[in-house]
Amino acid sequence: MKVEIRKAKLDDCVIVDELLTKLILDEKQYDNNIDENFKVSSYYQNYYDKETDCLLVGVIDDKIIGYIYGYIKDDANIINKEAKLDALYVEEDYRHQGIAQSLIDSFLNYCKEKEVKIVEVNACSENIHAINLYKKNNFQTTKITMKQEI
């Protein structure tokens, strides 16, 4: 099964919003503050065609089965241009087939074309699969955010 990685189109945004909803609900296992009834709508239509944003979809047999979204940070105080890998999701039935890796590779190529020097990503500290995927792609821990529920 070959996956096609391509730039998202406006028509794709409804499906990608559904995948973002799944991503957020998946993170509920790591974050008790996520509302189980949360639903994303009309989000990615605001970003799919911006010059500083990159929304890519993974497609198999004309079906979107995953996506990656990131953007170039707008911060005049930094020396090197930075990007944020903000969201990555692959449908459960298609995981462990290299699709997330293909999406990351495509996003990193976009960053190189835009002369980005640093790419940042956040992951829930208990999401070992995500952390291992990012480590495999040479991401390193540089900051730790700590929280306390009160």
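Glu 115 is found in the loop between helix 2 and strand 5 of this predicted model. The backbone at Glu 115 has a positive phi of about 60 degrees, although Glu 115 is not a glycine. Most residues other than glycine have a negative phi. Glu 115 counts as exposed because its relative accessibility is 56%, and the cut-off for exposed is over 50%.

- Asp 61 lies in the loop between strand 2 and strand 3.
- Asp 61 is not a glycine, yet it has a positive phi of about 50 degrees.
- At 73% relative accessibility, Asp 61 counts as exposed.
- The two strands on either side form a hairpin, with two residues between them.
- Lys 63 in strand 3 is the bridge partner of Ile 60.

- Five strands make up an open sheet in the order 1-2-3-4-5, and the pairing is mixed.
- Strand 1 and strand 5 (118-121) stand at the edges with a single partner strand each, so one side of each has no neighbour in the sheet.
- From one strand to the next, the twist averages 25 degrees.

**How the strands pair**

- Strand 1 and strand 2 run antiparallel and are joined by four bridges.
- Within that pairing, Glu 4 has Val 59 in strand 2 as its bridge partner.
- Strand 2 and strand 3 also pair in the antiparallel sense, over eight bridges.
- Asp 53 has Tyr 71 in strand 3 as its bridge partner.
- Strand 3 and strand 4 (residues 82-90) pair in the antiparallel sense over seven bridges.
- Gly 66 has Val 90 in strand 4 as its bridge partner.

- Strand 2 is largely enclosed by the rest of the structure, because eight of its eight residues are buried.
- In a regular strand the side chains alternate between the two faces of the sheet.
- In strand 2, Asp 53, Leu 55, Val 57 and Val 59 point one way, while Cys 54, Leu 56, Gly 58 and Ile 60 point the other way.
- Both of these sets in strand 2 are buried.
- Strand 3 (residues 63-72) is mostly covered, with eight of its ten residues buried.

**The helix across the sheet**

- Helix 1 (residues 13-26) lies across strand 2, strand 3 and strand 4.
- The angle between helix 1 and strand 3 is about 80 degrees.

- Glu 82 belongs to strand 4.
- Glu 82 counts as buried because its relative accessibility is 16%, and the cut-off for buried is under 20%.
- Leaving aside residues up to four places away in sequence, Glu 82 touches Tyr 71, Ile 72, Lys 73, Val 116, Ile 118 and Glu 120.
- Tyr 94 lies in the loop between strand 4 and helix 2.
- With a relative accessible area of 18%, Tyr 94 is buried.
- Leaving aside residues up to four places away in sequence, Tyr 94 touches Met 1, Ile 60, Lys 63, Ile 65 and Ile 99.
- Tyr 94 and Cys 54 are 40 residues apart in sequence, and their C-alpha atoms are 22 Å apart in space.

**The second largest pocket**

- Rolling a probe the size of a water molecule over the atoms shows where empty space is left.
- The second largest pocket has a volume of about 180 Å³.
- Strand 1 (4-7), strand 2 (53-60) and helix 2 (99-113) are the elements that give two or more residues to its lining.
- Strand 2 gives the largest share of the lining, four residues.
- The pocket is lined by 13 residues, and Lys 7, Asp 53, Cys 54, Leu 56 and Tyr 110 lie nearest its centre.
- By type, the lining residues of this pocket divide into six nonpolar, one polar and six charged.

Methods. Residues are numbered from 1 along each chain as its sequence is written. This is a predicted model: local features need pLDDT of at least 70, side-chain atom pairs count only at pLDDT 80 or more; totals for chains, interfaces and linings use all residues. Side-chain values use heavy atoms; hydrogens and water are left out. On a 1 Å grid over the protein atoms alone, a cavity is a set of points where a 1.4 Å probe fits but cannot get out, and a pocket is an open set with protein on both sides within 12 Å along at least five of seven lines; lining residues have an atom within 4 Å of a point. Grid points are joined across faces, edges and corners, and a volume is the space filled by probe spheres set on the points. Ala, Val, Leu, Ile, Met, Phe, Trp, Tyr, Cys and Pro count as nonpolar, Asp, Glu, Lys and Arg as charged, and the others, Gly among them, as polar. Buried means under 20% relative accessible area, exposed over 50%, partly exposed in between (1.4 Å probe, protein chains only). Two strands pair if DSSP finds at least two bridges between them. Contact means heavy atoms within 4.5 Å. Axes are lines fitted to C-alpha atoms, for helices over the stretch in contact, and angles run from 0 to 180 degrees between N-to-C directions.
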